[in-house]
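I opened this entry to record what I looked up in the structure, going from the sheet and its helices to the aromatic rings.

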Amino acid sequence: MAKIIAVTGATGAQGGGVVNIMKNVPGWKVRAITRNPSGAAAQKLAAEGLDVVQASFDDEASLVKAFEGVHAVFAVTNWWEILFTGHNQAEASQIETEQGMAIARAAAAQSTLEHYIWSTGTDTSTASGGKHPGVSHMDSKALVDEKIRKELPALAAKTTYMYMGYYPQNMFTYDCLKPTEFPPGSGTYVQIVPSTADAEVLMAGDLTHNPGLWVRQILAKGDITYGKYTRVALERWSFQKAIDVWSEVTGKKGVFVPCTVEKYTELFGIVGREIGVQFQFGQMADVWGIEEDKYLDAEKDLGISADEVIGFRGTMEKWKHTVA
Ligand SMILES: NC(=O)c1ccc[n+]([C@@H]2O[C@H](COP(=O)([O-])OP(=O)(O)OC[C@H]3O[C@@H](n4cnc5c(N)ncnc54)[C@H](OP(=O)(O)O)[C@@H]3O)[C@@H](O)[C@H]2O)c1
C-alpha cells in the first residue's frame, strides 16, 4: 500500500512544489492540507484526484485529525500572511512559532509517522555571531527547530530541516522587489533593493518544482537525513547578477538601485523594514549559518542532480511573460 505524505501549504508556493513532484512518486500518495477545501487552488488539486483535507495551523485538533495515518509530513508556515492580517512583527513571530509547534505536535501524535520535514529559517543571532539584532520571520522559524529538539525529542529524531533559498519569482510577484518601469514609457526598469549589488543570495530556483525534488530525495534517503539540515538552493548569486539575468531573459533594461533600510521602510512600511533587516543580515553573515558541516549536500548526500533542478534562469523564463 502507498505511504501517505501530508503536505501543508499545498495550495501555496512551497507546498505546491512538493505536491507537484510527490504526486508522481511511486509508492507515495499526497494528502493536501488547506483551510479552505472549496477554494479555487484546493479544488484544482481535488480535480487532479488528490486527497484534499481541511485543517488550520491555529487549530491543533484539526491537524491531528488531518494527519491520521500519515507516514510523512511536509510542514511550512506563512509569517507574511500573519503580518498582513493586522499583526506587528513580534506578534507575527510569536504566532508563527505557535503554529510551527502545533503542526509538529500533531505530527508527533501519529504512530505511523516515519519522517517529518520542517521548512525553517536561520537563527540570525547565531549566524551573525550576535552582531545582528534579528530578523523576525527567520528567527521565529529557527525557534521551532529548537523547541522540536527540546520538547519533542522523538519527533526530532525523525525530522529533517529544510532551508528554502530566496525565491527568484519575488522579482515578479513582490511589488517592492519587482523591477518597475521608470520613468513610465522609458523602457528602463528600476529595482530598488535595501542591499549592496554585490551581496550574494542563495537562490531557491523554481518553487513549483525544486521543493518537491528535495522532499522526494529526503524521503528516499530516509534515516541518513534525520536531524540534518538541507538547503533548497544550488546557486549563490549577487543581486547584480540576478538583475542582469532578469534583463537578458525579459529583454528589458533592468537597473539595480541600492537603498538604505530607512529609505526602504519609508517606501514600503513594515514590509520594507522586514526585508531591509533581512538583507542587512545577508550582508553580514552567511544567510544560512556558518556551520557548513551541519548541511546535507544536495548532490552528494541527497542525490539531487543539478540537471533536474530548475534554477534562477529557468524560473525567469517561466515568469517573463508577466512583465508589463
Ligand atoms: N519569498 C521568499 O523568498 C522566501 C524564501 C524562503 C522562505 N520563505 C518563507 O516561505 C513562507 C511562505 O511559504 P509560501 O511561499 O509557500 O507561502 P504561500 O505561497 O503564500 O502559501 C501559504 C500556504 O500556507 C497555508 N496556510 C497559511 N496559513 C495557514 C493556516 N493558519 N492554516 C493552514 N494553512 C495555512 C495556505 O493554505 P490555505 O490558504 O489553502 O489554507 C497556503 O497554502 C513564509 O513563512 C516565508 O518566510 C519565503
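I took axes as lines fitted to C-alpha atoms, for helices over the stretch in contact, with angles running from 0 to 180 degrees between N-to-C directions. Helices (H or I, at least four residues) and strands (E, at least two) are DSSP runs, numbered from the N terminus. This is a predicted model, in which local features need pLDDT of at least 70 and side-chain atom pairs count only at pLDDT 80 or more, while totals for chains, interfaces and linings use all residues. Residues are numbered from 1 along each chain as its sequence is written, and side-chain values use heavy atoms, with hydrogens and water left out.

**Helix packing**

I looked up H5 against helix H7 (residues 136–151) and noted that their axes come within 9 Å and cross at roughly 35°. The crossing of H5 past H7 is right-handed, the term for a near helix turned clockwise from the far one by less than a right angle, anticlockwise being left-handed. On the H5 side, the contact (heavy atoms within 4.5 Å) includes Gln89, Ser93, Glu96 and Gly100, and on the H7 side it includes Ser136, Ser140, Val144 and Glu151. I sorted the residues of this contact into 5 nonpolar, 7 polar and 4 charged, where Ala, Val, Leu, Ile, Met, Phe, Trp, Tyr, Cys and Pro count as nonpolar, Asp, Glu, Lys and Arg as charged, and the others, Gly among them, as polar. I also noted that helix H5 (residues 89–108) lies across strand E4 (72–75) and strand E5 (115–120), running at about 175° to E5.

**The sheet**

I traced an open sheet of 8 strands with parallel pairing, in the order E3-E2-E1-E4-E5-E6-E10-E13; two strands pair if DSSP finds at least two bridges between them. Strand E3 (51–54) and strand E13 (295–296) are at the edges with a single partner strand each, so one side of each has no neighbour in the sheet.

Around E4, I found that strand E1 (residues 3–7) pairs with E4 in the parallel sense over 3 bridges, with Val73 as the bridge partner of Ala6. On to E5, the parallel pairing of E4 has 4 bridges, and Ala75 stands opposite Trp118. In a regular strand the side chains alternate between the two faces of the sheet. In E4, Ala72 and Phe74 point one way and Val73 and Ala75 the other, and all are buried, meaning under 20% relative accessible area, with over 50% exposed and partly exposed in between (1.4 Å probe, protein chains only).

**Aromatic rings**

I searched the whole structure and found 14 aromatic pairs, counting rings of Phe, Tyr and Trp (its six-membered ring) with centres within 6.5 Å; planes under 30 degrees apart are stacked, over 60 edge-to-face and the rest tilted. Tyr166 and Phe279 make an edge-to-face pair, at 5.9 Å centre to centre and 65° between the planes. Tyr166 lies in the loop between E6 and helix H9 (170–173) and Phe279 in helix H12 (residues 261–284), so this pair ties together parts 113 residues apart in sequence. Tyr166 is buried at 12% relative accessible area, and Phe279 is buried at 8%.

Tyr189 and Trp246 form a tilted pair, at 5.6 Å centre to centre and 50° between the planes. I placed Tyr189 in strand E8 (residues 188–193) and Trp246 in helix H11 (residues 239–250), 57 residues apart. Tyr189 is buried at 5% and Trp246 at 1%.
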